[in-house]
Amino acid sequence: MDIVYMDFGAQTRPIEAQPNPRFPVNISLWLSRSPASFYNEAPEYLTLTKPMAACSAELFPYSLFFNTGLKTTSHSHRRSVISFSTSISTPNVKVAPEPRPTHLNSYNFKETHMMNLLNRSCKSGKYNESLYFLEVMINKGYKPDVILCTKLIKGFFNSKQIEKAVRVMEILESHGKPDVFAYNALISGFCRLNRIESAAEVLNRMRARGYSPDIVTYNIMIGSLCSRGKLKLALKMLDQLLEDGCKPTVITYTIIIEATILEGGINEAMKLLDEMLLKGLEPDMYTYNAIIRGMCREGMVDRAFEFVKSIPSRDVISYNILLRALLNRGKWEEGEKLVADMLINGLKPNVVTYSILIGSLCREGKVDEAVNVLKVMMEKGLTPDTYSFDPLISSTCKEGRLDLAIGFLDYMISNGCLPDIVNYNTVLAGLCKNGNSDEAIEIFEKLKEMGCALDVSTYNTMASALWYSGERNKALSLVLDMMRKGIDPDEITYNSLISCLCRDGMVDEAIGLLGDMENSGLKPTVISYNIVLLGLCKAHRVDEAIEMLHQMVFEKGCTPNETTYVLLIEGIAFAGWRHEAMELASCLAGMDVVSRDTFKRLNKTFPMLNVYKDLSPLESKK
């Protein structure tokens, strides 16, 4: 496919281009595929890179990033039309004779150098420098280039410098001529940052200035609204699209179909598919796979399989979606038939297919069979990825086969498949649970030396391991180190530390940490309160435990669970008030707050025959 561009000018536009027939379902990837990508970067050989103002400008007068207002002579000369191939290799340049000026005004060396600096800084991603040079050139009366400004807008949004991105658009609107691509960059930037209202304001301003939104503009807005659960607003935007005489694409409908499946169900999504077909739009595999995924999510696996058979073409992704749904329900025979059907249709299982099989086998405790599947996968010439190894590492750690889990890590590293932090966290947690905290600490220190991006889960695991191995100060230092690195503690961090304090009898410190947790913006959960209640009961501070329960329910609005009541009953009983404790248990059992099995266990621990007899009528009623 060739795209033809006119001139070397600041604003090049495709004259003829065929639309890409296939686009991915991933919305963020769609939004990055705007036509602006064809001209965001001017070819290097069209920019001035040396301070040879007169000579360079004479050879390539239109290569400057600004309209310099050059005057032509009255003589007839020829200008150039250039066509570029969209191939990744060096563009095929064809020069056709057209009139072009050859006698130019000379330029101030400093001004030409300033333009070169602007061009270079923008190309190297130094957008703050680019904005400075842009402001300088604007003050000298130069007209900003829309392509350069569009790139600056994108660059500033990528670095979260929103005000500067807005400033670039202000310069472009005041001193230059923006286009739909520049507005799309601004709208897309606001949408990515969840500022839909700001994006809508830009859309309105765009219309007010006489620029008509294109299908990319609408797809950006519709995609952003759908990804945030605002389907009704997205459908209104679709109506606006049609009113503006803009034709929706396969991408437009696929975005809306995916959102409709989540909010309205598969039947409503099928209506949109019919509407799409009536408009003469041919769904691609991304559209079909979105529907297959929706059917499987709603448990309509049989319907999804029939749908796959009915569509004109299918790919391995379609089969993978179905296979995952079947195996999640334990339907191995149907899964085997599905794989056979896939092979009959000439589709080969890929890495994802094998990873689904490995994960499903591991969930059912068939780790050895999963390892065999991994071997078959590699014999077929496929390279396992982290998703292939994740379930194997997790399952072997749960089974205490830590040597095998570490062996998987070593294999991954030696074969160029670097383990992610989830893999390491799984092994570290397994080592700590099996009493190998020293080895876990050793691996942790190596990860820090390697510069591995540790997360809050890593620190939580290691802080608990250090505490239980008697290294309290190191554990607390580790949490402080985590916070210094900009990693915020989560609910598990606080609960782990509260549990450590309570186990060591430091209940008051634990209660203080519970307050700190709330002050930091994390709402304590029933688990947090249960840990403190257990600590209070073990310390025979039953009155304070009852007070904590009252505060938990009536002041903090946290609903107790069965564990909460059992902890309180056991705390009261161990404090010497067995009769009162079992009376409370009987009352709670009658209210179905505590199960009958739990009540029987409590009665065996604290035998009170009369209370057990009182429960009999309750059981007979049930």
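Trainee: In this predicted model, which residues does Phe307 touch, not counting residues up to four places away in sequence?

Mentor: Phe307 touches Met270, Leu273, Tyr288, Ile291, Ile292 and Met295. Phe307 is also named, with Ile187 and Ile222, among the residues with the most contacts inside the largest nonpolar core, which has 93 residues. Helix H7 (residues 180–192) supplies the largest share of this core, 9 residues.

Trainee: What lies apart from that core?

Mentor: Another core, of 80 residues, lies apart from it; Cys362, Ala463, Ile531 and Leu533 are among its members.

Trainee: Why is Thr252 called buried?

Mentor: The term requires under 20% relative accessible area. Thr252 has 0% relative accessibility and therefore counts as buried. Thr252 is part of helix H11 (residues 250–263). Leaving aside neighbours within four places in sequence, the contacts of Thr252 are Ile215, Asn219, Ile222, Leu238 and Leu241.

Trainee: What makes Ser499 buried?

Mentor: The same cut-off of under 20% applies. Ser499 has a relative accessible area of 17%, so the residue is buried. Ser499 belongs to helix H25 (residues 491–503). With neighbours within four places in sequence left aside, Ser499 is in contact with Tyr468 and Ile531, and Ile531 is also listed in the core of 80 residues.

Trainee: How much of the chain is buried?

Mentor: Buried residues account for 46% of the 622 residues. The chain has 32 helices and 3 strands.

Trainee: Why are H19 and H20 called roughly antiparallel?

Mentor: Angles over 145 degrees count as roughly antiparallel. The axes of helix H19 (residues 386–398) and helix H20 (residues 402–414) cross at roughly 160 degrees and come within 8 Å. H19 and H20 are therefore roughly antiparallel to each other. Their crossing is left-handed.

Trainee: Which residues meet where H19 and H20 are in contact?

Mentor: From H19, Thr386, Phe389, Leu392, Ile393, Thr396 and Cys397 meet Leu402, Leu404, Ala405, Phe408, Leu409, Tyr411 and Met412 of H20. By class, this contact has 11 nonpolar, 2 polar and no charged residues.

Trainee: What share of the contacts in the chain with a separation of 6 or more comes from residues 24 or more positions apart?

Mentor: Residues 24 or more positions apart account for 60% of those contacts.

Conventions
Residues are numbered from 1 along each chain as its sequence is written. This is a predicted model: local features need pLDDT of at least 70, side-chain atom pairs count only at pLDDT 80 or more; totals for chains, interfaces and linings use all residues. Side-chain values use heavy atoms; hydrogens and water are left out. A nonpolar core is a set of buried Ala, Val, Leu, Ile, Met, Phe, Trp, Tyr and Cys residues joined through side-chain atoms within 4.5 Å. Buried means under 20% relative accessible area, exposed over 50%, partly exposed in between (1.4 Å probe, protein chains only). Helices (H or I, at least four residues) and strands (E, at least two) are DSSP runs, numbered from the N terminus. Contact means heavy atoms within 4.5 Å. Axes are lines fitted to C-alpha atoms, for helices over the stretch in contact, and angles run from 0 to 180 degrees between N-to-C directions. Angles under 35 degrees count as roughly parallel, over 145 as roughly antiparallel, 65 to 115 as roughly perpendicular and the rest as oblique. A crossing is left-handed if the near helix is turned anticlockwise from the far one by less than a right angle, and right-handed if clockwise. Ala, Val, Leu, Ile, Met, Phe, Trp, Tyr, Cys and Pro count as nonpolar, Asp, Glu, Lys and Arg as charged, and the others, Gly among them, as polar.
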